[in-house]
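Subject: Structure handover

Hi,

Here is the structure I promised to pass on. Have a look at it first, and then read on for what turned up.

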Amino acid sequence: MNRVTDVSALKEQYDLVVVGAGPAGLSAAATAAELGLSVLLADENPAPGGQIYRAVTTTPVQRREVLGEDYWRGQPIVQRFERSAADYAARTTVWTVGRTELMSGGEGFEVGVSADGQARLIDARHVILATGALERPMPIPGWTLPGVMTAGAAQIALKSAGIVPDGRVVLAGCGPLLYLLASQLQSAGANIVAVLDTTERGNALAAAGALPDFLLSPYLAKGLKLMLAARRKLRFVGGVTGLRAEGEGRVKQVVVERGSARETIACDMLLLHQGVIPNVNMTSAVGCEQVWDEQGHCWAPKLDAWFGASVPGISIAGDGAGIGGAESAALRGEVAALEAARRVGRIDEADRDRRAASVRATLARAMRGRRFLDVLYRPAKAFLAPKDAATVVCRCEEVTAGQLRETTRKLGVQGPNQMKTFLRCGMGPCQGRLCGPTVTEIIAEERGVAPAEVGYYRLRPPVKPVTLGELANLPKTEAAVKAVCR
Amino acid sequence: MTTTSTADVVVIGAGIHGCSTALHCAQRGMKVVLIEKDHAGRHASGVNAGGVRQLARHVAEIPLSNHSMDIWHRIADLVDDDCGFVSDGQVLVAETEQELAVFRERVEDLNLRGFHHEELIDAKELRRLLPAVAETCPGGVVSRRDGAAVPFRATQAFKRKAVALGVDLREGVRVTGLTRDGAQWRVETAEGDVLAPKVVNAAGAWAGRLAASVGEPVPLEVIAPMLMITGRVEPFIRPVVILRGRKLSFKQFANGTVLIGGGYLGRAFPDENRTELDWDKLSQNARTVWELFPVMRSATIIRAWAGIEARMADEVPVFGPSAKHEGLFHQFGFSAHGFQLGPGAGSVMAELVATGATNVPIDGLRIQRFQTAASA
């Protein structure tokens, strides 16, 4: 691995640019570099690992049991990448990937990168987007109060800086990550006063059909252990149907509804989580077709057997391709890299298939039981599309659920792209990451149709903000210089 | 099974022009079918900079533009929505004394022709209107009734009003053929044909193909003008600013975000409804702002995009009756400055369709200008 700290030191063109240094990106970059491709791995964070293995080489949390054995599985993945010949640009944002004619001939991509206030455009013959997942927004009344954050954010603070929240902590929502974080925070010494589970009672029954497959899954032992640990040591409240964060200036208490019963729990921090969904911002901005994934209840890119997207030359690996977890992410990264190597002419089809066969077998095992988890932890309707009219949905532009519902009804709005022009939802700096899924759910509910019919924001580059100064001072590419000379 | 329907007029293309023409035809009591291959406002009408500008227009367009501006100033009366229209003027900034001299000649020429909407301003008035502009700029031209609106919202408002007045809007329907059928036009689509004595070609970037299919080829280029918008910055400017020497249009919205455009082109793929940005050119665009408005240097660009639009070889639209066929009318090729013209052009087109004539001078816009050139 060759660490590049200055964007001007990057090559003009790479065979492969990988975006994101989680397990998928690291494995993809390592696999491709081992096959002789020139590879750049660009990542926003200061150290490799992505979210799941965040700071695995640098974390101050050295008691292994706090973060759990699964976390430390990230180490060999990082080490393999470090042994490879790939270029690695940390603290670097990729703000655009666009289709272009390459100077060296043929179709390829122009990748906009930025680090330390310096932006640059570089060419890539193939791009693997390993931009991972993000937490599904959980807009409850009061979720914008200081002291309310996502469980994932709390986990980032724990992994990267060893920060454990002070005071009384309440976790609320559903999904494996919620229980994982509860057990991690507890091991780290946090004072967890309650875990509020919003999983609908009916889900268990619905998931029963997928149980046989799950029983063969590697998740099983781990999942059971987590669940039992959380239930044994913590106050666990199931069947939660309503949540409200309250407080003046910051959260002081959470009001919990279970059917007609109501309880108020005092707290200093409320951590919300209701599962993870693919981060489609980059893939959508490149123009990759997205499809509605009914099982995961989310949008995901349309992919072929090699994780190739609808735009030839773009592959998507890891949770950004559909939620599969860390182990499958690394394997999918390898498969995508093998196809990238074939596409740029490093290996032939037979070689690709031979190398992929064993990876695919492991991948199939890693994906076992996914359906069971998806169905069991499908978020309840009440938390996908808030009924409370005053609840803010778009935090950047301060658009409420009530405004969204009224505008859908009165103006006959069909989907999120029309909604943007009326209410500006999704037009702030987060580009809809925090409101997009909720806006889709609300419009679908008001129109009485499936989310698939409503669609999602048409996203635009820059996928990450770039300053006017950086753009104005972009070094001229070879193509631009030639255009002037002509 | 598909059926054939009839109408008084079929309008092809539901951009702001098609919607406005359909609306005005319906107001005149006509039975209107409006056909759109995607959805209303999907392309240039929905994603343009939203400038509502009389400033710096080609002389041939000025009467239509004036007529349109009157409608903009009472837009809510027409479509029951203010379309986000605000009128803080538009200013053409002179970067040098030489430029200012050229502007002075232009304004004097317009005055002789009886147009008084453009007003020459000195450095002092320029600074009063635009306190943040670089100190080296010696003056400019202002058009005080100009402003800006929200493009997709405006197009939707025209669409909704048209539909409310009885227009039969067919979205997601592509016109596959346009042929004569006795005294009627047969507009062919996959969802059934429509027979009507009158047809308006308002198909934007796709209008050239339609015109060519009935023997009226025109020099139309499909372009993809790019725009970008910043995050919120402290309000510092009200009018829209445009330049002549370098390409720039610049507008700050009430919420603080700043729209930066000027006509730099990305790549258009009209058959795929797709555009690709050219960041080298957007970098030049940003560079101009960087020099002209130092206050903008640390603003973040949060979105950039391009729309698919038609540009004529002379950058003047094609507007008026067909030169060859009875009952066919053209309304396209607005060359990246058609948004402001939409309301007025629809009104005049409806008058042409209904009565065969209009008092608004449109001679410089007719399709004949290309056919004369081709046969000469």
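Within β6(A), A:Glu110 is the bridge partner of A:Gly98. Before going further, keep in mind that this is a predicted model. The two strands here, β5(A) and β6(A), run antiparallel and are joined by eight bridges. Five residues sit between the strands of this hairpin, and A:Gly105 has a positive phi there, near 100°. How many of the nine residues of β5(A) are buried? Eight of them are, so β5(A) is largely enclosed by the rest of the structure.

**Where chain A meets chain B**

β23(A) is joined by two bridges to strand β20 (residues 300-306) of chain B, and the pair runs antiparallel. If you want a residue to start from, A:Val466 has B:Ile301 in β20(B) as its bridge partner.

A:Pro462 belongs to the loop between α18 (451-454) and β23 of chain A.

**The five-stranded sheet**

Chain A also has an open sheet of five strands, paired in parallel, in the order β9-β16-β10-β11-β12. β9 (148-150) and β12 (236-237) of chain A are at the edges with a single partner strand each, so one side of each has no neighbour in the sheet. For β12(A), two bridges connect it to strand β11 (residues 191-197) of chain A, running parallel. In that pairing A:Val195 stands opposite A:Phe236.

Which helix lies across β10, β11 and β16 of chain A? Helix α6 (residues 176-187) of chain A does, and it runs at about 160° to β10(A).

**A helix pair**

Helix α1 (residues 23-34) and helix α4 (residues 74-83), both of chain A, have axes that come within 8 Å and cross at roughly 35°. The crossing is left-handed. From α1(A) the contact uses A:Pro23, A:Leu26, A:Ser27, A:Ala29 and A:Ala30, and from α4(A) it uses A:Gly74, A:Ile77, A:Val78, A:Arg80 and A:Phe81. By class, that makes seven nonpolar, two polar and one charged residues.

**Backbone angles and a few single residues**

Two non-glycine residues with positive phi are on my list. A:Phe307 has phi near 65° and is placed in the loop between β19 (298-301) and β20 (314-316) of chain A. Is A:Phe307 buried or exposed? It has 27 C-beta neighbours inside 10 Å, and 20 or more is the cut-off for buried, so A:Phe307 counts as buried.

A:Glu398 is the other entry, with phi near 50°. Its place is in the loop between β21 (392-394) and β22 (399-400) of chain A. A:Glu398 has 14 other C-beta atoms within 10 Å, so it is partly exposed.

A:Asp351, in helix α12 (residues 349-366) of chain A, is likewise partly exposed, with 14 C-beta neighbours inside 10 Å. A:Asp351 and A:Leu338 are 13 residues apart in sequence, and their C-alpha atoms are 8.9 Å apart in space.

**Domains of chain B**

Lastly, chain B. The domain assignment gives domain 1 (5-67 + 151-218 + 313-375) and domain 2 (86-145 + 221-312). Taken over C-alpha atoms, the centres of these two domains of chain B are 27 Å apart.

Cheers

Terms used:
Residues numbered from 1 in each chain as written. Chains lettered and ligands numbered in written order. Predicted model: local features only at pLDDT ≥ 70, side-chain atom pairs only at ≥ 80, totals over all residues. Axes fitted to C-alpha atoms, helices over the stretch in contact; angles between N-to-C directions. Helix = DSSP H or I, 4+ residues; strand = E, 2+ residues; numbered from the N terminus. Left-handed = near helix turned anticlockwise from the far one by under 90°. Contact = placed C-beta atoms within 7 Å. Nonpolar A, V, L, I, M, F, W, Y, C, P; charged D, E, K, R; others polar. Pairing = 2+ DSSP bridges. Domains from an automatic or database assignment. Buried ≥ 20, exposed ≤ 12 C-beta atoms within 10 Å, placed from the backbone.
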